[in-house]
Amino acid sequence: MKTITVFKGDGIGPEITDAVIAILQQAHADLDYEFFNVGAAEYERNGALIPDAAFASFEKTRLLLKSPITTPIGKGFRSLNVTLRNKYDLYANIRPAKANAAVKTPFPNVDIVTFRENTEDLYVGVEQAIDADTIHATKIITRKASERIIRDAFAYAVKNGRKKVTCVHKANILKMSDGLFLSVFHDIAKEFPAVESDDKIVDNVCMQLVMRPETFDIIVTPNLYGDIISDLTSGLIGGLGLLPSMNLGKDYAMFEAVHGSAPDIAGKHIANPTALLWSACMLLDHIGDTETAARIRRAVDTVLSAGMTLTPDLGGKATTEEYCRSIIDVLQ
């Protein structure tokens, strides 16, 4: 049995976490859980956004299932997501966006995996006030970070039978920083001759994604563009409530729903747990339990196709618990 750390988060976090754990247990996932409260509510209670015991658990299990967490605004705190990614060098953010026939959108053929470099770019948070009216922000791109995310994207393509990797950049303007990322991409592409490769400027990619999304397969990109593009791809398949995500490093792995904590609907029992559930399935794949992950995905597909117990964001009227119960019934 594998022990994992679970951060229950804020807002809708505890509700969707409870639903996901219930489904994992019904599917007989060979997991044990260490639960922790994290985020703004935990800070108000105990003076720490993430308790020391929660850090210690993740450092022991090296596997984290994280629900959405709220970073207090205006109190000098950096994003907890950025903090975790940097602290544990979770350099690869992988977000697969795949259309589901049961969720009607104008884009039925979307199947795009975004590889987002997770540790540098503008997200280093280095800013300087030049004077009262001028702020400079530092964008950092290194060869080391570029090489490992790009190499991971090509390795994923080979392992999963993917045909093409597209590098997204703004090297026409940022000739040195994005130019370095692009240069590394072309060098590594030569090592994978069986995988088609191309590159596109980020603004063109955004246009192409909403006109011809089926032309994209794997996207690899620096941090900021990856954040924006992966949200765009989620919109093509029905929203962030359907987009799973994993953050991988050499020693640690974090699996999360990338949507927010949605405090406006917290406690109303209408939150959609699918993104967190599919992230949990990615965790199961990561530890080799692909059979359980596949059974859960099939159960979700069955419930989505039936269309009877969907949460409001999917066009239904079901509660979180009713949606969860339907998935459990299919698993049984």
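Is V210 buried, exposed or partly exposed? The legends below answer this and describe further views.

The structure is a predicted model, in which local features need pLDDT of at least 70 and side-chain atom pairs count only at pLDDT 80 or more, while totals for chains, interfaces and linings use all residues. Residues are numbered from 1 along each chain as its sequence is written, and side-chain values use heavy atoms, with hydrogens and water left out.

**View 1**
V210 lies in helix α7 (residues 202-211); helices (H or I, at least four residues) and strands (E, at least two) are DSSP runs, numbered from the N terminus. V210 is partly exposed, with a relative accessible area of 45%. Buried means under 20% relative accessible area, exposed over 50%, and partly exposed in between (1.4 Å probe, protein chains only). Neighbours within four places in sequence aside, V210 is in contact (heavy atoms within 4.5 Å) with F107, L232 and L236. The C-alpha atoms of V210 and L232 are separated by 8.6 Å, although these residues are 22 residues apart along the chain.

**View 1. The open sheet and the pairing of β4 with β5.**
An open sheet of mixed pairing is formed by 10 strands, in the order β2-β1-β3-β12-β11-β4-β5-β10-β8-β9. Two strands pair if DSSP finds at least two bridges between them. At the edges, β2 (31-36) and β9 (196-201) each pair on one side only. Strands β4 (residues 92-98) and β5 (residues 111-117) run antiparallel and are joined by 7 bridges; K98 has D111 in β5 as its bridge partner.

**View 2. A101 in the loop between β4 and β5.**
The loop between β4 and β5 contains A101. This residue is exposed, with a relative accessible area of 67%. A101 and L304 are 203 residues apart along the chain, and their C-alpha atoms are separated by 8.8 Å.

**View 3. Two nonpolar cores.**
A nonpolar core is a set of buried Ala, Val, Leu, Ile, Met, Phe, Trp, Tyr and Cys residues joined through side-chain atoms within 4.5 Å. The largest such core has 86 residues, of which L24, L65 and V220 touch the most other members. Helix α9 (residues 274-286) gives the largest share, 9 residues. Because domain 1 (1-95 + 240-331) and domain 2 (106-237) both give residues to this core, it lies between them; the domain bounds come from an automatic or database domain assignment. Residues up to four places away in sequence not counted, L24 touches A29, L31, Y33, A280, L284 and I296. A second, separate core has 16 residues, including F7, L64, L80 and Y252.

Helix α5 (residues 143-159) has 17 residues, which should span 24 Å at 1.5 Å a residue, and its end C-alpha atoms are 24 Å apart, in agreement. The expected span is 1.5 Å times one less than the number of residues. Among the buried residues of α5 are A145, I149, A153 and F154. The buried residues of this helix pack against β4, β5, β8 (164-169), α6 (177-189), β9 and β10 (218-221). After α5 comes G161, whose phi is positive, near 65 degrees.

**View 4. Helix α11 and its cover.**
The 12 residues of helix α11 (residues 320-331) reach 17 Å from the first C-alpha to the last, close to the expected 16 Å. Buried residues in α11 include Y323, I327, I328 and L331. The cover over the buried residues of α11 includes α1 (13-26), α9 and α10 (290-306).
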